[in-house]
Amino acid sequence: RIDGNNATIKAAAGFVGDTLTNTDAGGTTVVEALLLFLLGDYNNTGGPQRKNAFVGAGLTLNCNEVSNSGIYMERMVYATVQCKVINTTAGGNAIDIGPYCWGLHLDGITVENFSENAVRIGIGCNGVTITSPRIWGDTKTGVSGILLGVVSNINGLVINGGFIEKLDYGLYISRGNGPVSINGTNFEVCGTNCIRVE
């Protein structure tokens with residue numbers, strides 16, 4: 001559990017991330033995230049799990065344009081994320097949800113000044129709820145608010161309220177995902193599609 005009261009974690013100029021053993025691809029992978037929730041090796045889809053990871057609303061993760069992500073997590077079931085993530089760099093996702101984080105709840109997240117995707121949701125993340133997101137893309141090109149990865153087999157995504165604006169794609173749903181329910185979310189100033197489904 002990580003929480004704060006108007007606290008900021010900011011990447012240092014020399015931030016390089018963590019070098020992790022990559023189970024599926026072999027070798028190692030550098031994960032440039034300010035917060036890393038991981039039990040065992042990276043991309044180990046058969047590895048052990050943790051429950052109830054929590055990042056509170058009183059925390060701002062400032063990637064300082066030197067870190068790819070504010071948060072990376074995998075195999076963390078029933079996790080809750082409420083924080084703010086700003087100033088990510090190209091090559092990453094501001095909030096990067098890896099394999100098997102089912103029951104995830106993103107509650108009132110704020111994501112600003114991101115370079116790839118505000119939120120990417122990976123394989124096997126069933127039953128995800130995103131409530132009142134505040135995602136602002138600053139009219140950058142090539143960015144998405146929420147991305148469901150290719151053949152992620154995400155069964156059940158619910159987005160309630162909030163706004164996703166000033167980017168190319170508000171919600172990008174790759175093949176092999178669904179169903180998705182969107183209720184009262186404001187998509188505004190989307191350069192290509194508010195919602196794209198492949």
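Modeller: The discussion below covers the sheet, the core, several loop residues and the aromatic rings of this predicted model.

Colleague: Let us begin with the sheet. What is the order of its strands, and is the pairing parallel or antiparallel?

Modeller: Strands of a sheet pair through backbone hydrogen bonds, either parallel or antiparallel. Here an open sheet of 6 strands runs in the order β6-β10-β13-β16-β19-β21, and the pairing is parallel. β6 (54-55) and β21 (180-183) stand at the edges with a single partner strand each, so one side of each has no neighbour in the sheet.

Colleague: How many bridges join β13 and β16, and which residues are partners?

Modeller: Strand β13 (residues 105-107) pairs with strand β16 (residues 128-131) over 3 bridges, in the parallel sense. His105 has Thr129 of β16 as its bridge partner, and Leu106 has Ile130. β16 also pairs with β19 in the parallel sense, over 4 bridges. In that pairing Val128 stands opposite Leu157 of β19.

Colleague: Which residues of β16 lie on its covered face, and which on its uncovered face?

Modeller: In a regular strand the side chains alternate between the two faces of the sheet. In β16, Val128 and Ile130 form the covered face, while Thr129 and Thr131 form the uncovered one.

Colleague: What does Ile146 touch, beyond residues up to four places away in sequence?

Modeller: Its contacts of that kind are Val119, Ile121, Ile130, Ile135, Ile159, Ile164, Gly170, Leu171 and Tyr172.

Colleague: Where is Thr88 placed, and is it buried or exposed?

Modeller: Thr88 lies in the loop between β11 (84-86) and β12 (93-97). With a relative accessibility of 3%, Thr88 counts as buried. Leaving aside neighbours within four places in sequence, its contacts include Cys63, Ser67, Asn68, Gly70 and Asn113. Thr88 and Asn113 are 25 residues apart in sequence, and their C-alpha atoms are 6.7 Å apart in space.

Colleague: Where is Arg75, and which backbone oxygen lies 3.0 Å from a polar atom of its side chain?

Modeller: Arg75 is in the loop between β8 (69-73) and β9 (76-77). At 1% relative accessibility, Arg75 counts as buried. The backbone oxygen in question belongs to Asn44.

Colleague: Finally, how are aromatic pairs described, and how many does the structure hold?

Modeller: A pair of aromatic rings is described by the distance of the centres and the angle of the planes. The structure holds 3 aromatic pairs. In one of them, the ring centres of Tyr100 and Trp102 are 6.5 Å apart and the planes stand at 80 degrees, so the pair is edge-to-face. Tyr169 and Tyr172 form an edge-to-face pair as well, at 5.1 Å centre to centre and 80 degrees between the planes.

Colleague: Are the residues of these two pairs buried or partly exposed?

Modeller: Tyr100 is partly exposed, with a relative accessible area of 26%, and Trp102 is partly exposed at 30%. By contrast, Tyr169 counts as buried at 16%, and Tyr172 is buried at 14%.

Colleague: Over the face of which ring does Arg1 lie?

Modeller: Arg1 lies over the face of Phe54, at 4.0 Å from the ring centre.

Notes
Residues numbered from 1 in each chain as written. Predicted model: local features only at pLDDT ≥ 70, side-chain atom pairs only at ≥ 80, totals over all residues. Heavy atoms only, no water. Contact = heavy atoms within 4.5 Å. Pairing = 2+ DSSP bridges. Helix = DSSP H or I, 4+ residues; strand = E, 2+ residues; numbered from the N terminus. Buried < 20%, exposed > 50% of the residue type's maximum accessible area, 1.4 Å probe, protein only. Phe/Tyr/Trp six-rings, centres within 6.5 Å; stacked < 30°, edge-to-face > 60°. Lys NZ or Arg CZ within 6 Å of the ring centre and 35° of its normal. Polar contact = N/O pair within 3.5 Å; in protein donor to acceptor, adjacent residues only side chain to side chain.
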